[in-house]
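This report describes a single structure, shown below. It goes through selected contacts, ring pairs and nonpolar cores in turn.

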Amino acid sequence: MVHRNIVVCVLVLIVVVIASFMIGFSFRVVNHDEYALLYNINSREISEGVYEAGRYHVGLSSEFHRFQKRHQNIEFSSQAGLQDSSRGPFSIRATDGQQIELDLSFQYKIKSASLHLLYRDFKFDYETFLVRQARGTLRDVASQYDAIAFFNRRDIIESHMRSALETELTARHTMLVGFQLRDINLPEALDENLLEIQLEKQEGLRLEAETSAWVTRNLTANEVLKLQTASSVLLSKLEQETENLRVLIARNVSKIQQTTNREVLKIRTASATALALYNQDTENLRLNIVSNTTLAVEGTQQLLEQIRLHTAVLEAEKDAVI
């Protein structure tokens, strides 16, 4: 009996330990900088729901496929090309046939709402696909311009590239965060020609500024006198117009004051007349009330006197009967 109890206890202990391990391994953790999709190992199905940072009970037959939540940087440059040939600098041929090399970079972010679509289309190899699509899109945009445009209209080309890349990434379930056209390497001969053209433009601007300054310094005394005379005439005219305006305003103010005084006098006269009539009506009403009150008192006294006489007569008749 004791041996049987020991066996049962050992079995229960083994079950508890196994259950503890199973429960422990049924939990999965998603880090704060990750998105995750739940993948069923048995059915090989992926969930559409996106899991963010936290600890989840998913069972032994499921696991998380994790994706970076933070911005990811993709760079196309000589330095990046040393590690991955697909990320070397762009080499494009402009519309005028010149060979141009571009260094650029962009930053993208995975859209959580369409994470399951990204996994469905590309699994975990989405960045390789994005690099390939980005190179094609940016090369197509760059090849629409001539070499001179890369020198004179760099901001327009960069904006065009950004817009095209943003459209492409949106269609691939990601979002463009930043774009930088960092360096443009023109052919040496063209670069020197553009530099000479720029220097010639600067020299032309300098000569134009010096000419303008010379013209300003060499204005004739007659022209200066004309300017001074015109300024004086204009100033005198403005002063005269200002004085006329001041006089007109003063007249208007005087008229307004006179009109206001007349209206005030009318109001005061009407008020005094109304007040006198009101006082007269009040006095008449008072006298009428006093007269009516006097008549009422006299009538009351006469009535009282008649009552007293009648009472006396009644008392006399009573005494006579007795």
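## Arg70 and its surroundings

Not counting residues up to four places away in sequence, Arg70 touches Asp33 and Tyr108, where contact means heavy atoms within 4.5 Å. Arg70 is found in the loop between β5 and β6 (72-76). Helices (H or I, at least four residues) and strands (E, at least two) are DSSP runs, numbered from the N terminus. Arg70 and Tyr35 are 35 residues apart in sequence, while their C-alpha atoms are 9.5 Å apart in space.

## Basis of the values

This is a predicted model, in which local features need pLDDT of at least 70 and side-chain atom pairs count only at pLDDT 80 or more, while totals for chains, interfaces and linings use all residues. Residues are numbered from 1 along each chain as its sequence is written, and side-chain values use heavy atoms, with hydrogens and water left out.

## His65 in strand β5

His65 has its place in strand β5. With 10% relative accessibility, His65 counts as buried; buried means under 20% relative accessible area, exposed over 50%, and partly exposed in between (1.4 Å probe, protein chains only).

The side chains of His65 and Tyr119 are joined by a polar contact of 3.2 Å. A polar contact is a pair of N or O atoms within 3.5 Å; within protein, one must be able to donate a hydrogen and the other to accept it, and residues adjacent in sequence count only if both atoms are side-chain atoms. Leaving aside neighbours within four places in sequence, His65 is in contact with Tyr35, Ala36, Leu37, Tyr39, Ile46, Tyr119 and Phe124.

## Aromatic pairs

The structure holds 11 aromatic pairs. Rings of Phe, Tyr and Trp (its six-membered ring) pair if their centres lie within 6.5 Å; planes under 30 degrees apart count as stacked, over 60 as edge-to-face and the rest as tilted. One of the pairs is formed by Phe67 and Phe124, which are stacked at 5.4 Å centre to centre with 20 degrees between the planes. This pair links distant parts of the chain, 57 residues apart: Phe67 is in strand β5 (residues 62-68), and Phe124 is in the loop between α3 (115-122) and α4 (126-142). Phe67 is buried at 2% relative accessibility, whereas Phe124 is partly exposed at 46%.

Tyr145 and Phe150 form an edge-to-face pair, with 6.5 Å between centres and 80 degrees between the planes. Tyr145 is buried at 12% relative accessible area, and Phe150 is buried at 3%. Ring pairs also link Phe67, Tyr119, Phe124 and Tyr126 into a cluster.

## Charges over rings

Lys123 lies over the face of Tyr119, 5.3 Å from the ring centre. The charged end of Arg135 sits over the ring of Phe90, at 4.7 Å from its centre. A charge sits over a ring if NZ of Lys or CZ of Arg is within 6 Å of the ring centre and within 35 degrees of the ring normal.

A nonpolar core is a set of buried Ala, Val, Leu, Ile, Met, Phe, Trp, Tyr and Cys residues joined through side-chain atoms within 4.5 Å. The largest has 40 residues, and those with the most contacts inside it are Ile100, Leu102, Phe106, Phe150 and Met161. Helix α4 supplies the largest share of this core, 8 residues. Another core lies apart from it, with 5 residues, among them Val30, Ala36, Leu38 and Val58.

Buried residues in α4 include Tyr126, Phe129, Leu130 and Arg135.
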